[in-house]
Each structure stands twice: as C-alpha cells, then as structure tokens.
Amino acid sequence: MNPAENPAGNPGVTPAVTPAVTPAATPLLSVQRLRKAHGQRLLFDIARLDIARAAAYVLTGANGSGKSTLLRMLGGLERCDSCRVAFEGQDLPLYPYPRQLRQRIVYVHQHPIMFSTSVGHNIAYGLLARGVDRRVLRALVDEAMAWAGVTHLRDNDPARLSGGEKQRVALARARVLQPRLLLLDEPTANLDGEAREQVIALIPTLVEQGASVVMACHDRDLINLPGVRRLKLRDGRLAVR
Amino acid sequence: MALLDATRHAFALLSGGDAALWHIVWVSIKTSILGLLLAAPPAVLLGYLIAMHRFPGRRIAVWLAQAALSLPTVLIGLLLYLMLSRRGPMGGLEWLFAQPGIVLGQMIIGLPVLLAFTLAAVQALDPRHAETAIAHGASPVRVMLTVLHEARYGVMAAVISGFGRVISEVGCALMVGGNIEGQTRTITTAIALETSKGEFAQGIALGIVLVTLALLMNGVLVLLQGEAHNPGARL
C-alpha cells in the first residue's frame, strides 16, 4: 500500500502509485476497483490497494466492517463482483482465482482448523498437495516447525493443541509453502499471555524472510509493531494511515 | 413351547453348520456387499458434490435424495422386474431371477442411503476444512479426499446404514431374485418363505444371523467413533 495519505481526502481512493519501472519498485500485489455487494448493499468499493514486497500491514476497522471478507477475497475464498489485480506486475483476475496467486498467497483463519492427522502432517499438507519430494518435504517441515517452536509437537494430535499452539502450527503450515503474501485473520484473537507474545514474535520474522503480511486485527501490540503499515476499512472504503 | 423348540432347533442349525442355511447367508452377504460397492462411489461423490456446491436446483436434489430414502423396496423391485423381464429394455441381460439382478436392486436401494448420509456428514463438517485445503493449494480432488477423510466417521455410518438397509430388505430381493433355493434365496426371502410354511426354526436361525450382523457392523462403527476421539499420531 502506498503509505502516503490520500491528498484528495477521499478515504476510499488511495493515491495512485507511480508506474513502477523496476521489478523491486513494482508492488507485490496491486488491487484495483474491488467491488462487492450483497443484494443492494455495497460492501466494498476499493479504488486501489497496493501491497509492497516484504512489508507488514494491519487491517483495522469496526466489527463487521469486512476485514475478514476482504482478506478472504484476496485469498480466493470468496468472490468479488469486479476486480483487477496485478501480482508482481502480472495482470490477473481475482475470480476465478488463478493458480499463480494460489501458489503465492496463503490465507490463515482466525481460528485455524487442523486436519485430524498429526501436527507434522498438517504442516506438510500444502507441500504434499504440491507434490514436493518426500525428502525435501521432511527438511522443509522440520525447518518450519523449528521456526514456529513446535518441533516437540510433531506427532501430536492437533485436537489437543492449545489455541496458541494451533496458531503457531497454522503459521508454520502457511510459511512452509514460502508464500509471497500471507493473509492472517486476527492471528492473536483469543490468545493471551505467552501464547500471544509467541505469535506476535513470529510476524516480523516472516517479513524479514521476504514475505508480505496483511493482518486483520484489533491487537494494539500488533498494530504498534515497528514498521507495520496501517489500513483502515470504513463504510466499505479503505484508508491508509 | 413351540417358540422355545423352534429357537432350540435354530441354534442347532447354526451350530451344526447347516449347508443350506449358510449358503443363504453367503448369498445375502455377497449380494449386499457387491451392491454397496457399486453404489458407494457414485453415492459418495454425489453426496459430496451436492453438499459442497451451490447450483440451481440444489434444494430439489437434496429433496430427491432424502425422498429416495423412503422409496418402498417393493416398488424398486417392481420397476426392476419390468426392466429385467424378457420384454423389458434390459431383458437381454438375463439378470431376472439371478444374483446380478439382486445386486442391481441392492445397489439402487443402497445408493440413496449412502448419498443422503454422506451429504449430511459433509454438510455438518466445518467449512474451514475445505477452505484450509483450498488455501494451501490442494486440487479439487485433494480437497474432496481431505473433506471425506475429515467426515469419514459420517461416511462410514452411511456405509453401515446402507448395508443394514440392503441386507434387511425383502421386497426387491423377492421380486427380482425369485427366492430360488441355492441361487437367489437370501436371508430375508428365506425367513418370509419358511414362516409362511410354518417352519420357524430356519427363520429364527437366519434372524439371529441378521441381528448378529447388525450388532457387528454397529460395533465396528462405535469402535471407530471411539477411535475418532483418541486418534493416534500419523506422521
């Protein structure tokens, strides 16, 4: 997202980004004219949203403002009525959700669901879906588990994990796919104490490793993380702060 | 006293290894399992597709699937009889009064049970399972396998209920099979015949087999459901 305030004062229209001339300057994801309505009610009318490479964003807004819906649309889990996106400079539709985006963008639920296998298998799920060689897979899973601090849970039943452990396993399951963009829906919701701090500590490391992160959240500690850019949804429009 | 004597005789038949009786049991189990094996793939696939997708006419499809559960088996038997009889469109197959005809009937009877139970099991599953699979790049087939794996106890219940329905039905097996001794006589048609003749011992013996099968199948389901709450590590 262009971090500058919209000079026109229109909260729904963020300033146009000057066309990029170098790959590094091209936004990772550029969304234009995103609209979604439920019947007569217009839910979103977002003129432009640019997500920079290796950057973290928090998406705030009142309950029911559509934060989760916006993330779900960007993650290909919900349709938009009309939208144009450019991912790494390549023009793509948002619906039907293209394979190029599916391989580079991962959405994580507010309350992540675990498949009823084992923690290790859950983390390996996306790699198995992509047909990654078993030996490579094992190394990638080991590394992701170590990153999230869940190595000791490898063979555990996911149903018996705590909320914080589930969130860290879900982050490892997403990160192991080496996505360019992670969409995290309230990653610290219903977590407190050490569990919350452990999840918050993982977010900057994702960005350091080159991923961009967009988090829908109300958590002050996440919002105030150094370097995090702020997006605010209000009345279906997006403002940058 | 007649009932007591008949029951005693029934246990004697069972323990004595009465060949005719066990052949009847074998025909029943074989035709029921074959019918279910043929019904399960399309029923589970259709149940999954109806549960997971929104399309015009979906509610009608759900209604038809549930209505088919209460279709009288004797009506299915009548329709199959007309289809398979010599002048019927499938008469050339010569399946009437033969085991393939019973298997076809069992398949048609079992299909709506499997479909409706699978549909219910998949619908009851948290949609985040499918969404998580999709979000992590799973193909549509892998998403389906993942969802069915997560709903496996419901799908197993569907299979067991389907087996219970097909092995215990009498109308279709009687009309299409013809109750021919040594060929198409099943547990239920034999019970009906022996009872009409006043020969209760074999009927009771076969009834005991049916009840035992029902207990065994449901026992397996209970064990599996118990295991669902204590799943072991798998990777």
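Let me start with a strand pair: in chain A, β1, residues 29-38, is joined to β2 by nine bridges, and the two run antiparallel. One of the pairings can be named: Arg35(A) has Asp45(A) in β2(A) as its bridge partner. Before I go on, please keep in mind that this is a predicted model.

That pair belongs to an open sheet of four strands in chain A, ordered β2-β1-β4-β5, and the pairing is antiparallel. At the edges are β2, residues 41-51, and β5, residues 90-92, of chain A, each pairing on one side only. From one strand to the next, the twist averages 15°.

Now the other sheet I want to show. Six strands of chain A make up an open sheet, in the order β6-β7-β8-β3-β9-β10, and here the pairing is mixed. Which strands stand at the edges of this one? They are β6 and β10 of chain A, the latter covering 237-240; each has a single partner strand, so one side of each is left without a neighbour in the sheet. On average, and ignoring direction, neighbouring strands of this sheet are turned by 20° against each other.

At the β10 end, the partner is β9(A), residues 229-234; four bridges join β9(A) to β10(A), and the two run antiparallel. Within that pair, Lys232(A) is bridged to Ala239(A) of β10(A).

Next, the contact between the chains. How many residues does each chain put in? Chain A contributes 24 residues and chain B contributes 18 residues. On the side of chain A that touches chain B, the elements giving two or more residues are β6, 105-108, and α3, 119-129. Of these, α3(A) gives the most, with six residues. By residue type, this side of chain A divides into nine nonpolar, 10 polar and five charged.

Last, the core. The largest nonpolar core has 128 residues, and those with the most contacts inside it are Leu182(A), Leu183(A), Val213(A) and Leu114(B). The element that gives the most to this core is helix α5 of chain B, residues 99-124, with 15 residues.

Take Leu183(A) as an example. What does Leu183(A) touch, leaving aside its neighbours within four places in sequence? Leu183(A) is in contact with Leu71(A), Leu74(A), Gly75(A), Ile105(A), Tyr107(A), Val108(A) and Val214(A).

That is what I have; I will take comments now.

Methods:
Residues are numbered from 1 along each chain as its sequence is written. Chains are lettered from A and ligands numbered from 1 in the order in which they are written. This is a predicted model: local features need pLDDT of at least 70, side-chain atom pairs count only at pLDDT 80 or more; totals for chains, interfaces and linings use all residues. A nonpolar core is a set of buried Ala, Val, Leu, Ile, Met, Phe, Trp, Tyr and Cys residues joined through C-beta atoms within 7 Å. A residue is buried if 20 or more other C-beta atoms lie within 10 Å of its own, exposed if 12 or fewer, and partly exposed in between; C-beta atoms are placed from the backbone. Two residues are in contact if their C-beta atoms, placed from the backbone, lie within 7 Å. Ala, Val, Leu, Ile, Met, Phe, Trp, Tyr, Cys and Pro count as nonpolar, Asp, Glu, Lys and Arg as charged, and the others, Gly among them, as polar. Two strands pair if DSSP finds at least two bridges between them. Axes are lines fitted to C-alpha atoms, for helices over the stretch in contact, and angles run from 0 to 180 degrees between N-to-C directions.
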